[in-house]
Amino acid sequence: MKTAIVTGATGMIATALIRRLTEAGVEVFALCKPGTAEGIDCLLHPLVHVIDADISEFLAAKEQITKPCDVLYHFAWLGTFGGGRDDPYLQNNNIRYTVDCVTLAKETGCRLFVGAGSQAEWGPTEQTLSASLAVQPVTGYGIAKFAAGRLSRLYADSLGLTHVWVRILSVFGVGSIPNSIIPSSIDKFLKGEKAVFTKGEQLWDFLYCDDAADAFYRIGERAKESKIYPLSSGENRTLAAYITAMRDVVAPAAPLFLGEIPYPPGQVMRLCADLSELRQDTGFAPKIGFEEGVRRTAAWRKEVLGL
């Protein structure tokens, strides 16, 4: 891989991937929502070409991609949290924009399209997540991700492109959405505020963003056939154990308030994945443990909070 396209290039996993790509000497065309690229260090790298383009304008961005590319990584998505997750019109647009990106991949010479799917495609289940497990998405977001993956696969096949769809579990790190559980809890621990949680009986799996980026890089280098991969660390602990470990890293003296709030409706109690095929095909193995990931994330939050 010599040249790649990355959409949604200001997101957490996308920026980590761009750092990984440039470390390997890969030239990157980074498609960013206008006005969002400022202050993101990886986008200043000499191998990175920033293209300001709204998600609806990605096909027109082809004119700014000045050389043949090898891989297109598609991360851009509207309505990833909040009320937009169940907005049918918004999520339907995401499906169309994903298909547009397959066209962009073909017209820029790519051999491979890699899309960012979600564990939400499976829906609530007590089973270990794998490509062969039946999907039963229950949110608009999960339904749209599944539809986008299937339709873009059909279209890529018709164009002779290899298509890989990566269903991401829980990734955290520098650039996380601030109100997600890891950074929001770290913020409270750092500021000495009371952090309240459910009982934390859920069996969970967290992966640091740089490891997620390495998985995507390896897929771009080694994918030879169209596949679906779940992406996680492969390490399962109860959420209470993760919260305790996070507290111990950030503020060891802070009290824990587990069981202070009830589980929300539809709480997923098991989120574990089978990584065997991803490991076999790409050699992927996470290098950054949860505690080290928390240290890096806490350092970033300290900087953001001015502590």
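**Entry 1: A212.** I started with A212, which is buried at a relative accessible area of 0%. For burial I use a 1.4 Å probe on protein chains only: under 20% relative accessible area is buried, over 50% is exposed, and partly exposed lies in between. This is a predicted model, so local features need pLDDT of at least 70 and side-chain atom pairs count only at pLDDT 80 or more, while totals for chains, interfaces and linings use all residues. Residues are numbered from 1 along each chain as its sequence is written, and side-chain values use heavy atoms, with hydrogens and water left out.

A212 sits in helix α5. My helices (H or I, at least four residues) and strands (E, at least two) are DSSP runs, numbered from the N terminus. Which residues does A212 touch, leaving aside its neighbours within four places in sequence? I found I13, V171, L207 and L231, with contact taken as heavy atoms within 4.5 Å. I also looked up A212 and L256: they are 44 residues apart along the chain, and their C-alpha atoms are separated by 29 Å.

**Entry 2: the nonpolar cores.** Next I looked up the largest nonpolar core, which has 69 residues. A core here is a set of buried Ala, Val, Leu, Ile, Met, Phe, Trp, Tyr and Cys residues joined through side-chain atoms within 4.5 Å. V6, Y73, F216 and L231 have the most contacts inside the largest one. Another core, of 29 residues, lies apart from it and includes A53, A76, C101 and L104. As background, nonpolar side chains tend to be buried together in soluble globular proteins.

I then took V6 by itself. V6 belongs to strand β1 (residues 3-7) and is buried at 0% relative accessibility. Beyond four places in sequence, V6 contacts A14, L17, I18, L21, V28, F29, A30, L31, Y73 and F75. One of these, I18, is 12 residues from V6 in sequence and 7.8 Å away in space, C-alpha to C-alpha.

F216 came next. With neighbours within four places set aside, F216 is in contact with I13, L17, Y73, F75, V114, A116, V166, I168 and L231.

**Entry 3: salt bridges.** How many salt bridges does the structure hold? I noted 18, each being a side-chain nitrogen of Lys or Arg within 4 Å of a carboxyl oxygen of Asp or Glu.

R19 and D210 form one of them, at 3.1 Å from N to O. This pair links distant parts of the chain, 191 residues apart, with R19 in helix α1 (residues 12-23) and D210 in helix α5 (residues 209-222). R19 is partly exposed at 32% relative accessibility, and D210 is partly exposed at 26%.

R296 and E292 make another, also listed at 3.1 Å, N to O. They are 4 residues apart in helix α8, so about one helical turn separates them. Salt bridges with shared partners join R19, D210, E292, R295 and R296 into one network.

I also checked E235 and R237, where the closest N and O atoms of the salt bridge are 2.8 Å apart. E235 is partly exposed, at 35%, whereas R237 is buried, at 18%.

**Entry 4: R153, a charge with no bridge.** R153 lies in helix α3 (residues 140-159). R153 is buried and has no salt bridge; the nearest side chain of opposite charge is that of D157, 5.0 Å away. For charge, Lys and Arg count as positive and Asp and Glu as negative, with His and the chain ends not counted.

**Entry 5: cysteines.** How many disulfides are there? The count is 0, with a disulfide taken as a pair of cysteine sulfur atoms within 2.5 Å. C42 is in none, and the nearest cysteine sulfur, in C32, is 8.4 Å away. C42 is buried at 9% relative accessibility. The sulfur of C110 lies 5.2 Å from that of C69, the closest cysteine sulfur, which is too far for a bond. C110 is buried as well, at 5%.
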